[in-house]
Every structure is written in C-alpha cells, then in structure tokens.
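Please read the points below beside the model, which is a predicted one. They are set out in the order in which I would check them.

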Amino acid sequence: AEEALSAFKYFYQTRVRPSGFMRKSQMLVDQAERLLESEVLADAETLLKEVLNQGIEHAGAFRLTARIAEQRGDVPAAIQAYQRALHLEPNNRLTVLAMGRFLLQHQKKDLAHPLLERYVEFEHFDSEALELFEQCKS
C-alpha cells in the first residue's frame, strides 16, 4: 500500500497528463479493493482517501469507502458514500445492489424503495434487484 501511495503522490505532484493520472487513481482503487477483501481496512481507507482528497470523482472509490464505513458500523457515512457513487454512476449494478441491501439491513425501506424502484424500471430482468425491491414493499 505504501508503494502505491508514493507512486500516486509522485504522479500527482509532477502533474502527469490526466489520462495517466486517472490510470494511477484506478490502480490505487483496485489495490484498495484487494486490501478490503483481505480485511486490511486501514490501508484500504488510506489509499481511498488519497484518491478522493485529490478531488477525483471516482465512483469505485466512493463505493469502497461506503463498504468500509459499513464494516465500521457508520451508517450515515456509508449512506453518504453510496450516494456519491450513485451520483457519478446512477445505474451501476454493484452500487445499487450494495446500497439496497445495506439500507434494507438497517430498516431504511424509505430510502431503499425509490433507489431500487428506479433501477428495476430499466433493469426489470435483474432477479437480485427485483428480490430486493420486493423486500421494500413488505
């Protein structure tokens, strides 16, 4: 994680072309995801904060930040991060389903219902989304 962070800072400070900068940002987000899967939350969070603190609007970074907040039990922070991810990619299946499940687990059907309703209007063959949407109605 430390090497990736150093490389990111170098590329940011030397003002690499935006495409190279975004590639490096994506590499950090990918590494953060691997760390999160290995349950190394602190290092994953450090990488994600570095990306987001540079003003980069990266839906994947926000989605992973939400997962970290979720694991820490910080419901408001998780909701906020999921909302930021959805603002950037409104129909991203991974984000919609993760946020939908999270909201239902925390008895927030009032927030889950419109999210899932909008999604299943366009993705009406997504059985997992339909199942979550049905849970909102019960």
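1. Setting aside neighbours within four places in sequence, Arg 63 makes contact with Tyr 82, Ala 85, Glu 89, Asn 92, Leu 94 and Thr 95.

2. Is Arg 63 buried or exposed? Its relative accessible area is 17%, and because buried means under 20%, Arg 63 counts as buried.

3. Asn 92, one of the contacts of Arg 63, also has a place at the start of H6, where a side-chain oxygen of Asn 92 comes to within 3.0 Å of the backbone nitrogen of Leu 94. Just after H6, Gln 107 adopts a positive phi of about 55°.

4. The 13 residues of helix H6 (residues 93-105) should span 18 Å at 1.5 Å a residue, and the end C-alpha atoms are 18 Å apart, so the two values agree.

5. The buried residues of H6 include Thr 95, Leu 97, Met 99, Gly 100 and Phe 102, and their cover includes H4 and H5 as well as helix H7 (109-122) and helix H8 (127-137).

6. The largest pocket holds about 280 Å³ of space, and helix H3 (41-53), helix H4 (59-72) and helix H5 (75-88) each supply at least two residues of its lining. Of the 15 lining residues, Glu 45, Lys 49, Thr 65, Ala 77 and Ala 81 lie nearest the centre of this pocket, while by class the lining has seven nonpolar, three polar and five charged residues.

Terms used
Residues are numbered from 1 along each chain as its sequence is written. This is a predicted model: local features need pLDDT of at least 70, side-chain atom pairs count only at pLDDT 80 or more; totals for chains, interfaces and linings use all residues. Side-chain values use heavy atoms; hydrogens and water are left out. On a 1 Å grid over the protein atoms alone, a cavity is a set of points where a 1.4 Å probe fits but cannot get out, and a pocket is an open set with protein on both sides within 12 Å along at least five of seven lines; lining residues have an atom within 4 Å of a point. Grid points are joined across faces, edges and corners, and a volume is the space filled by probe spheres set on the points. Helices (H or I, at least four residues) and strands (E, at least two) are DSSP runs, numbered from the N terminus. Ala, Val, Leu, Ile, Met, Phe, Trp, Tyr, Cys and Pro count as nonpolar, Asp, Glu, Lys and Arg as charged, and the others, Gly among them, as polar. The expected span of a helix is 1.5 Å times one less than its number of residues. Buried means under 20% relative accessible area, exposed over 50%, partly exposed in between (1.4 Å probe, protein chains only). Contact means heavy atoms within 4.5 Å. A polar contact is a pair of N or O atoms within 3.5 Å; within protein, one must be able to donate a hydrogen and the other to accept it, and residues adjacent in sequence count only if both atoms are side-chain atoms.
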